Amino acid sequence: MEVKKMNRRPSGVVSFELCFEGKEWENALSKVSVSRQEKAPIAGCRVGKAPLPLAYKTYGSDLIDEAAKSVIGGALATVIAENQLAPVSQPTVSYMQADLTCLHVMCSFVNYPEIPDFDYIGIPVERPVKICTEEDINRSIDAYLKKHLYVHEVDRPAAMGDIVEVDFRGTHDGQPFPFDQSDNNRFTMGSGVLFTGLDEALAGHLAGDHLHLQLTMPEDFHREEIRGFTLDLDVNLHGVWAREEVSECTDAYVHASVGGCETVAEFRQRQRQNIQRQYDNQSRQCFEDKVQTALASRITTVLPESMYEVGIRQAVNDLARNAPAETWKNETPDEREKRMARYREQARPVAERQVRLSVALDYVICHEKIQTTLEEIDAYVNAYASAMHLTPDDALRRLGGKETVAEEMQNNRAFAFVCDHAVIHDIEVKEFSK
């Protein structure tokens, strides 16, 4: 194999000519010829002994195409390794000359761009910080009281809105029916979740009462199996619970209704910790987003368009998939094309930022010599498997293989390095910006 006319353009495109001649090309053709003869022998020739011109006459251009594929892949890998190239697009190959004497092909691909030195240590970042206030705690407790109504058992007749517990046994025309018996059913009076008319029949009865009812289910009843059935039911009412709004948070309420707390002071302290934890998480997310933006902006090199294209296509597909179905109805091809163009326009800034961030992290990984060991990769996969209740092999497949895991771990470490070395200015805020 000979490499000729290697050209590296400013756009990042690398092109070169690969030449295969003499014994090397003849051997590649012969191997394909023998393989073809084993499957489809040539009349008058022993398998593997037919001359190449006769094989070419018999099998046609497929003989050359298959031989070309057998040598080009390995040759490309050798050229890329020897010249320290890093393709970011699928190589394209076009024939210049292809016959029984030689193979000359032109190969080209977009190479990973050369990134000039840039400073990633000491990036100045403003970090928004929010401190939990007494007002925040009051709002959270008010919301808690509205969400967690005080439920207590009452010694009075059941009424709409109460929670009741019943057992029932039933028949339809003297025969069992689906759901013909059940114990310890709890439901809210007025919800109609069990049987139509049961709520009204229970109203006014006390815990311990026994009722014999005949109820006809409507044709649109939510349980299809008994629509239109007239049911004979024996029902036991075991308990009645009332829901009441709580106007004031007291020690008695906290002791009875808030798990893990005995007093209002303990409850307020727990809410303070929860709220501050949320604020700290939002602060960290804002900080990391600012670091990512700053890091990506430091890549000023013009990057190949093909590096953006994968991210743009993915984002466009997500936008199209999430669009309401009616948006596509009655659209002309021209209107649909314009819509997809708008999606591309929306997707491009996000894709560009993500690609520049990825390039920046690659630079940090290289210059800080960040690596991962097989033991660390296995530990990462095992932890993921345990969290997702998967086998390690299934977890590794879901994560995309060890190379993908190693890349993610290195990216995370590179980003953590940049964050750890950022110059942080804490700015107290009343609200986090969206």
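Ala, Val, Leu, Ile, Met, Phe, Trp, Tyr, Cys and Pro are counted here as nonpolar, Asp, Glu, Lys and Arg as charged, and the others, Gly among them, as polar. The model is predicted: local features need pLDDT of at least 70, side-chain atom pairs count only at pLDDT 80 or more, and totals for chains, interfaces and linings use all residues. Residues are numbered from 1 along each chain as its sequence is written, and side-chain values use heavy atoms, with hydrogens and water left out.

The largest pocket holds about 390 Å³ of space. A pocket is an open set of points, on a 1 Å grid over the protein atoms alone, where a 1.4 Å probe fits, with protein on both sides within 12 Å along at least five of seven lines; lining residues have an atom within 4 Å of a point. A volume is the space filled by probe spheres set on the points, which are joined across faces, edges and corners. The lining comprises 15 residues, with Y112, P113, E114, I115 and C366 nearest the centre. It divides into 8 nonpolar, 4 polar and 3 charged residues. Helix α9 (residues 333-367) provides the largest share, 5 residues. Helices (H or I, at least four residues) and strands (E, at least two) are DSSP runs, numbered from the N terminus.

The second largest pocket has a volume of about 290 Å³. Its lining has 13 residues, and Q354, V355, S358, V359 and E407 are the closest to its centre. α8 (305-322), α9 and α12 each supply at least two lining residues. The most come from α9, with 7.

Helix α12 (residues 402-420) also packs against helix α7 (residues 264-297), at an angle of about 100° and with the axes 11 Å apart. Axes are lines fitted to C-alpha atoms over the stretch in contact, and angles run from 0 to 180 degrees between N-to-C directions. The two helices, α7 and α12, are therefore roughly perpendicular (65 to 115 degrees). F287, E288, V291, Q292 and L295 of α7 make the contact with F415, V418 and C419 of α12. Contact means heavy atoms within 4.5 Å.

Helix α4 (residues 134-147) packs on α7 at about 110°, with the axes 9 Å apart. This pair, α4 and α7, is likewise roughly perpendicular. The α4 residues include I137, I141 and Y144; those of α7 include F267, I275 and Y279.

P218 lies in the loop between β9 (210-216) and β10 (230-244). P218 is partly exposed, at 27% relative accessible area (between 20% for buried and 50% for exposed, 1.4 Å probe, protein chains only).

Methods
Parallel < 35°, antiparallel > 145°, perpendicular 65-115°, else oblique.
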